[in-house]
Amino acid sequence: MAKFIVQKSGPLMGEVEISGSKNAVLPIMAATLLCEEQCVIMDVPKLRDVDVMSQILVRIGANVKDELEQNKLTVTTSEIAETEPPYGLVSKMRASFVIMGPLLARVGRARIPLPGGCAIGSRPIDLHLKGFAALGAKIVEGSGFVEAQADRLRGTTVYLDFPSVGATENIMMAAVMAEGTTVIENAAEEPEIVDLANFINKMGGRIKGAGTDTIKIEGVEKLHGTTHHVIPDRIETGTFMLAAAITRGNVLIKNSLPDHVKPVIAKLRECGVSVEDTLEGLRVDATRGKFTATDIKTMPYPGFPTDMQSIFMAFLTTVEGKSTVIETVFENRFMHVSELSRMGANITTKDRSATIIGGAKLTGTQVVATDLRAGAALVLAGLVAEDFTEVDEVYHIERGCERFVDKFSALGANIVKESPDSNNYNKYGKAEQ
Ligand code: UD1
């Protein structure tokens, strides 16, 4: 099993270039299924999840030209050959469920293995299915699959009980060639939704209001190919902001969009960390000053992102005083707490709330990355803990961050990856070739 050995490091210094957004590119890749023509996607991060999505697209009938060394993917799906992607692939990544909307739109049928629960909660898909049903699809669930079928989808109004990112994307894609107008109310407002809508509009789609809580989709007959650059990854941006903060370093973060990380900037400033939006990028300087505790509550965008919760918490363990972190988006997203506590952090949890008494001395030990963001949090804690921290199951971390070790090492972090063998991911879900 691959692991990271993290050694206490000095303040991180230098600059880092942020990659394209994982959570934006996955639905954009799915959206290429909406047309027969060639779509070129640029600024694609070279990540395992992108590899899994590519393989799913290939099984569906796409021709995928992978030039990921140049962060480029070219996808052409002249014909849909298969509407039932294999469980072996779909089960590797929950986000693969977003192929259902485009398949329904293009050929009126999809049969997808039900995504299971995961470490951070049960993660149901009821809102996706509610949307498809409202558009006129017949939904059948059973024996581990969900099947949707419709001769022609018809525009309607869909109210989401919760602004789910995946459901908003899936319903938006299903509705794009439906008859008439679809309105998604209480839609998710995340930047990744806006990027997807921009991509689809470049293909000839007519989507308005993405980035607000009401999205209007006017159905069109057909879409065409296009070229698109993916937005920078706001969670990777936040990860490096916190890496600078926790090590009391000074890092220039290039290719970031400050508007997308407003809550992270606000909370860091509240703690006393200097964050400056410069012409070259975001400069996070924690080399001076005394830092204070703060309270965080995760919310759908534009609130504080749940994906930054564990990473910010790692920083709060190093700040004198009492901080509170409330998780409202996922039901079970405190898996990192027990690992941080094993390193010496003083954290107690009650339901969805964690109280951190900052300033306790952290000491390296063996910890497990339970999900990709929790893994990043443990690496950050390892950078300031005494001795060595061994972070196991790092395939999670590498799902979310391109060239993780290289980028951190370039800033002065002491991180080494240890792999038992060159083919070490197979047991943990390396995508089939
Ligand atoms: C996406 C992101 C993930 C991020 C999350 C919330 C991708 C690939 N992943 O995940 O990194 O943490 O948004 O910002 O973009 N829910 C339902 N029913 C549904 C769908 C969701 O109850 O049909 C609930 C979930 O259980 C969860 C909450 O809604 O509690 C948010 O989930 P959602 O916004 O759908 O997250 P994802 O799209 O899975």
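Which residues line the largest cavity? The lining consists of E236, T239, I311, L372, R373, A376, I397, C401 and F404. The model is predicted, so local features need pLDDT of at least 70 and side-chain atom pairs count only at pLDDT 80 or more, while totals for chains, interfaces and linings use all residues. Residues are numbered from 1 along each chain as its sequence is written, and side-chain values use heavy atoms, with hydrogens and water left out.

**Domains**

The chain is divided into domain 1 (3-19 + 233-418) and domain 2 (22-229), with bounds from an automatic or database domain assignment. Their centres, taken over C-alpha atoms, are 31 Å apart. The contact (heavy atoms within 4.5 Å) takes 23 residues from domain 1 and 20 residues from domain 2. Between them the two domains bury about 1800 Å², 56% of it on carbon and sulfur atoms; buried area is the accessible area (1.4 Å probe) that two parts lose on being put together, summed over both. On the side of domain 1, Y301, R399 and E402 lose the most area to domain 2, together 34% of what that side buries.

**Cavities and a pocket**

On a 1 Å grid over the protein atoms alone, a cavity is a set of points where a 1.4 Å probe fits but cannot get out; a pocket is an open set with protein on both sides within 12 Å along at least five of seven lines, and lining residues have an atom within 4 Å of a point. A volume is the space filled by probe spheres set on the points, which are joined across faces, edges and corners.

| Space | Volume |
|---|---|
| Largest cavity | about 50 Å³ |
| Second largest cavity | about 30 Å³ |
| Second largest pocket | about 780 Å³ |

Helix α12 (372-384) gives the most to the lining of the largest cavity, with three residues. Helices (H or I, at least four residues) and strands (E, at least two) are DSSP runs, numbered from the N terminus. R373 also lines the second largest cavity, along with residues including T306, D307 and H336.

The second largest pocket is lined by 28 residues, and K46, L47, R48, E402 and R403 lie nearest its centre. Domain 1 and domain 2 each give at least three residues to this lining.

**Strand pairing**

Strands pair if DSSP finds at least two bridges between them. β3 (residues 38-42) and β5 (residues 72-76) are antiparallel over five bridges, with C39 opposite V75. β3 also pairs with β13 (residues 227-229), in the parallel sense over three bridges; there I41 has H228 as its bridge partner.
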